[in-house]
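Please read the following with the sequence and the model side by side.

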Amino acid sequence: MIDFYYAPTPNGWKVAIMLEETGLDYRLMLMRLSEGDQFTPEFLAISPNAKMPAIVDHAPGSGWGDEPVSVFESGAILLYLADKTGQFAPPPGDLSARKALMEWLFWQVGNQGPMGGQLSHFRNYAPEDQRAYGLNRYLGEYDRNLGVLENRLERREYILGDYSIADMLAFPWAFIAKPLGASLAEFPRVADWRARIKERPAVQRAIDLEKSGQNRGQHRADNNRVLFNQSAASLRPGKKRDGV
Ligand SMILES: N[C@@H](CCC(=O)N[C@@H](CS)C(=O)NCC(=O)O)C(=O)O
């Protein structure tokens, strides 16, 4: 059984997609990010960066001891689950394919994901009078990363050729292009790739998982101190959960 620490956001969907694709048995641990669940000592022991997604695998299997294994960071989680199941990633012995997987995994978690996250912040949450510079900067970066993906998909159906965790990581941030104020009109290969992935039943189940509307625009940077007023002090034990 895998405990899956989740909130319905693009980074949460990545792991939900992999769990649904592989059919692994999991228990949903729904997180209330705006209320500070990510700063509890119990969760910080699993995810020291105070962010979901994270997992705890209670039956890690061969190569591991008897203790549960926790994993944080979406890229690390998908790689762990791919290695656990032998699905959706080239095997460790295929050096060239594995190198390509690492490149696109790190590209997603270091580029497309964070740029999309910052774009979402400035578009959905930043105070009106402080929005313009950040919005412009991150819309440009988000668009640039769509261009990177468009180039990669030339003569390929999926990022590595076959459908893999690289696609599961990148899809959620392309899925929400429109609500982020971006368009796929100039990226026809990305649009087709997005449509191919979207129609997979496992992906649909993942996107529909606990759709609560949480963190989707009802907060503003000036009305939720937990989400938008963080510093190293937020990590201190005993810190009040309202962030004050
Ligand atoms: N690099 C991380 C990003 C995870 C992330 O940003 N999670 C957000 C939700 S999408 C979160 O937990 N936010 C809570 C907070 O910022 O306090 C990953 O890929 O797993």
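The model is a predicted one. Strand 3 (residues 54-57) and strand 4 run antiparallel and are joined by four bridges. A54 has F72 of strand 4 as its bridge partner.

Helix 3 covers residues 74-85. After helix 3 comes G86, which has a positive phi near 65 degrees.

The buried residues in helix 3 are S74, G75, I77, L78, L79, Y80, L81 and A82. What do these buried residues of helix 3 pack against? Their partners are strand 1 (2-6), helix 1 (10-22), strand 3, strand 4, helix 4 and helix 6 (165-175).

S74 belongs to helix 3. With a relative accessible area of 6%, S74 counts as buried because the cut-off is under 20%. Leaving aside residues up to four places away in sequence, S74 touches N11, K14, P53, V109 and L169.

Next comes the packing of two helices. Such a pair is described by the angle between the two axes and the distance between them. For helix 3 and helix 4 (residues 95-125), the angle is about 150 degrees and the axes are 9 Å apart. Angles over 145 degrees count as roughly antiparallel, and helix 3 and helix 4 are therefore roughly antiparallel to each other. On the helix 3 side, S74, G75, L79 and D83 take part in the contact; on the helix 4 side, R98, L101, M102, L105 and V109 do. By type, the residues of this contact between helix 3 and helix 4 are five nonpolar, two polar and two charged.

The last stop is a loop. K211 sits in the loop between helix 8 (201-208) and helix 9 (225-228). Is K211 buried or exposed? The relative accessible area of K211 is 52%, and exposed means over 50%, so K211 is exposed. K211 and Q118 are 93 residues apart along the chain, and their C-alpha atoms are separated by 22 Å.

Key: Residues numbered from 1 in each chain as written. Predicted model: local features only at pLDDT ≥ 70, side-chain atom pairs only at ≥ 80, totals over all residues. Heavy atoms only, no water. Axes fitted to C-alpha atoms, helices over the stretch in contact; angles between N-to-C directions. Helix = DSSP H or I, 4+ residues; strand = E, 2+ residues; numbered from the N terminus. Parallel < 35°, antiparallel > 145°, perpendicular 65-115°, else oblique. Contact = heavy atoms within 4.5 Å. Nonpolar A, V, L, I, M, F, W, Y, C, P; charged D, E, K, R; others polar. Pairing = 2+ DSSP bridges. Buried < 20%, exposed > 50% of the residue type's maximum accessible area, 1.4 Å probe, protein only.
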